[in-house]
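Have the structure open while you read.

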Amino acid sequence: MNLDAAARHPLWWDAVVAAPTRRALPGDTDADVAILGAGYTGLWTAYYLAKADPSLRIVVIERRHVGFGASGRNGGWCHAAYPLGIGVLAKDHGKAQALRQIRALAGAVDEVGRVCNEEGIDCHYAKGGVLTLARSALHLRHVEEEVSEARSIGLSEDDLRRLSQSEAATMLNATDVVGGVWFAHGAAIQPALLVHGLADACERRGIVIYEGTAATSIEPGRIRTKLGTLRADMIVRATAGYTSDLPGHERTIAPLYSLMIATEPLPEHTWQEIGLESRATFGDYRNLIIYGQRTLDGRLAFGGRGAPYYFGSRVTDVQDIHDGVHQELTRALVELLPQVEGAEVTHRWGGALGVSRDWRPSVSIDRPQGVAWAGGYVGDGVATAALAGRTLAELILDHPTERTTLPWVNHSWPSWEPEPLRWLGINAGLWMAKQADSNEERTGRASKLAALGNWLRGKSR
């Protein structure tokens, strides 16, 4: 599988105009609500605000173009996931609250599909669930733990169930499969079509979106840019992995890179060998996360972590490509699914996702200051951002609902360490995950490095 000729932009961008098509902020502007960031969080917030109160003047500004960040380049998993897992969620907030949070996220998966149908957004939504493969005896222990945690908070087999070796291999005929877990609350999507379709739906409701407008600072009552100041009673920060670019927020969110590849469309006889007939998204239980999906046009889109964190939370276009990590992803895909050996890799890309210091997402509002924000999704942001945007709209409008009392609302993040400690710690964590996978594959036993990495993130398996 040759990477040299692969296009260096997200596969998903082939279906949209990946450049500014809307005008920039024309100068000083007033609004009722001003939103920084035209990705999922910002646009879902705008959408639900306008739906609840059509009289609101809502303005969204974006530094590059709609969906430029993670919203337009992710793996296309719309699933009900909490970054550190159900066990941590229950430990933090209790079983009843953990169940409420997971049910709300599951509802968001369905809500994305409903809105897409209502608004005519064809984002290739296919609710095939999430398949997590077990490929060793150690992985089977993780299966038992995951199922046990799910049952402990009240999730049933209709939500999440253990798979036998034959059941898992029938769904995805990967190497070394010994079992797995199937989670019902997940859909595959084409992420760029979703974010661009959502932007169009927002504009049909009177929301104004300005592209090519970089914020120089954000503060109560205003977003400053070189083109003018956007003033509003409520400011929404929806900047995900780009938050560290804002003065005063250098240590709020750390941008961690996740990289992807996509194959050419595979012939039907190859898909008959592989499976994924229902387009379930898939991964396994290794420490260094992988994720994949079967696209509507028959490609494999496959990604994973492992790219380094860059000093000072730097985010640049150059960092979207990392030859070593892309080569390792290609090797991992062929090792997992040897049926694709020889298929052409047509695209390779990457992007920054937003990670809070405690690896927990949050939806928050400071009403006296007139500022609201959401993020810290750690790569699980498609359905999570939809729930966050809907919740932010309700918080801004002071419309209490079950969502506005979920346990992640107004969760306060600790700050990341200053440099160089941040650089050392995050990259040490990546090294530990890689080394843990190597150790576990060689010995068949749980690695102490994996346990240490989980402890550093506030998670213990």
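**Notes on the predicted model**

1. Glu145 counts as partly exposed, at 34% relative accessibility. Keep in mind that this is a predicted model. You'll find Glu145 in helix H4, residues 137-153. If you want a sense of the distances here, take Glu145 and Phe311: they sit 166 residues apart in sequence, and their C-alpha atoms are 36 Å apart in space.

2. Is Gln190 buried or exposed? Gln190 has a relative accessible area of 6%, and the cut-off for buried is under 20%, so Gln190 counts as buried. Gln190 belongs to the loop between strand E7 (186-188) and helix H6 (191-204). Its side chain comes to 2.9 Å from the backbone nitrogen of Ala192. Setting aside neighbours within four places in sequence, Gln190 has contacts with Trp12, Ala15, Cys123 and His124.

3. Next, have a look at strand E2, residues 58-61. In a regular strand, side chains alternate between the two faces of the sheet. Which residues of E2 are buried on each side? Ile58 and Val60 are buried on one side, and Val59 and Ile61 on the other, so both faces of E2 are covered.

4. With helix H1 (residues 40-52), E1 and E2 form a right-handed β-α-β unit.

5. Strand E15 (residues 300-304) deserves a look too: five of its five residues are buried. Leu300, Phe302 and Gly304 lie on one side, with Ala301 and Gly303 on the other, and both faces are covered.

6. Helix H8 (residues 323-336) has 14 residues and reaches 20 Å from its first C-alpha to its last, close to the 20 Å expected at 1.5 Å a residue. Its buried residues include Val325, Leu329, Leu333 and Leu336, as well as His326 and Thr330. What do the buried residues of H8 pack against? The answer is a set of strands: E4 (130-134), E12, E13 (281-284), E14, E15 and E16 (345-355).

7. In soluble globular proteins, nonpolar side chains tend to be buried together. Here the largest nonpolar core has 136 residues, and Leu300 and Leu337 are those with the most contacts inside it. Apart from it lies another core, of 13 residues, including Leu25, Val59, Leu230 and Ile235. Not counting residues up to four places away in sequence, Leu337 touches Leu172, Asn173, Ala174, Ile274, Phe282 and Leu300.

Definitions and conventions: Residues numbered from 1 in each chain as written. Predicted model: local features only at pLDDT ≥ 70, side-chain atom pairs only at ≥ 80, totals over all residues. Heavy atoms only, no water. Buried < 20%, exposed > 50% of the residue type's maximum accessible area, 1.4 Å probe, protein only. Helix = DSSP H or I, 4+ residues; strand = E, 2+ residues; numbered from the N terminus. Right-handed = clockwise from strand over helix to strand, strands pointing away. Polar contact = N/O pair within 3.5 Å; in protein donor to acceptor, adjacent residues only side chain to side chain. Contact = heavy atoms within 4.5 Å. Expected span 1.5 Å × (residues − 1). Core = buried A, V, L, I, M, F, W, Y, C linked by side-chain atoms within 4.5 Å.
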